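Let's take a walk through this fold together, sheet by sheet and then into the cores. Please have a look at the chain below before reading on.

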Amino acid sequence: MYYAHMCIIFVIIYIMPRPQFNRIVHEPPLYSDFKPIGVRAQNLEQIVLTLDEFEAFRLADQLGLSHASAADEMEISRSTFSRLIEKARKKVADFIILGKSLTIGGGTVHFRVNIIQCKDCGHMFKANFTQSITDCPSCHSKRIVNLAGGFGHGKCCI
């Protein structure tokens, strides 16, 4: 009996992966699919940049934050942030240098802010998840798209 319990504890501690906590991403990306011009997407190898890798890339390379500041923004450790940015940079380099297609999506994240886009006039605006928006503030069209919803998020986010 003791041996069986020790085997279970070993499996739980050493073999099962740690549960992944939701990472914090400021807002959903405006664009999620990229490919080289003149090549059919079906002929390209696809790279998937997860939403947390996208956020790490945005914070470090677009905004120029230090690893410590960016990690605080995402509510993760600095070492976790360093691993994320390293993976993101490798994927972006492969996309550019090797001419692969790049898709942003996936991962366990929560958005702080949502972006809403009007399908009629193209107007884009930011909104909190607590706001209930039914029409475009610019043209009053009802044809609006919740960009966070495109990544499987909505009311669940911060």
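## Ground rules

Two strands are said to pair if DSSP finds at least two bridges between them. Helices (H or I, at least four residues) and strands (E, at least two) are DSSP runs, numbered from the N terminus.

This is a predicted model, in which local features need pLDDT of at least 70 and side-chain atom pairs count only at pLDDT 80 or more, while totals for chains, interfaces and linings use all residues. Residues are numbered from 1 along each chain as its sequence is written, and side-chain values use heavy atoms, with hydrogens and water left out.

## The mixed sheet and its helices

Let's begin with the open sheet of 3 strands in the order 2-4-3, whose pairing is mixed. Strand 2 (33-34) and strand 3 (46-49) are at the edges with a single partner strand each, so one side of each has no neighbour in the sheet. Strand 2 runs antiparallel to strand 4 (residues 101-104), and 2 bridges join them. Here Asp-33 stands opposite Thr-103 in strand 4.

Helix 4 packs on this sheet, touching strand 2, strand 3 and strand 4, and its direction makes about 150° with that of strand 3. Helix 2 (residues 51-62) lies across strand 3 and strand 4, at about 75° to strand 3. Contact means heavy atoms within 4.5 Å; axes are lines fitted to C-alpha atoms, for helices over the stretch in contact, and angles run from 0 to 180 degrees between N-to-C directions.

## A buried threonine

Thr-80 sits in helix 4 (residues 78-98). With 15% relative accessibility, Thr-80 counts as buried (under 20% relative accessible area, with exposed over 50% and partly exposed in between; 1.4 Å probe, protein chains only).

Another open sheet of 3 strands has the order 7-6-8 and antiparallel pairing. Its edges are strand 7 (124-127) and strand 8 (144-146); each has a single partner strand, so one side of each lacks a neighbour in the sheet. From one strand to the next, the twist averages 25°.

Strand 6 (residues 114-118) pairs with strand 7 over 4 bridges, in the antiparallel sense. The bridge partner of Asn-114 in strand 7 is Ala-127.

## Two nonpolar cores

A nonpolar core is a set of buried Ala, Val, Leu, Ile, Met, Phe, Trp, Tyr and Cys residues joined through side-chain atoms within 4.5 Å. The largest has 13 residues, and those touching the most other members include Leu-49, Leu-102 and Phe-111. Strand 3, helix 2, helix 4, strand 4 and strand 5 (109-111) each give two or more residues to this core. A second, separate core of 10 residues includes Ala-56, Ala-60, Ala-71 and Phe-81.
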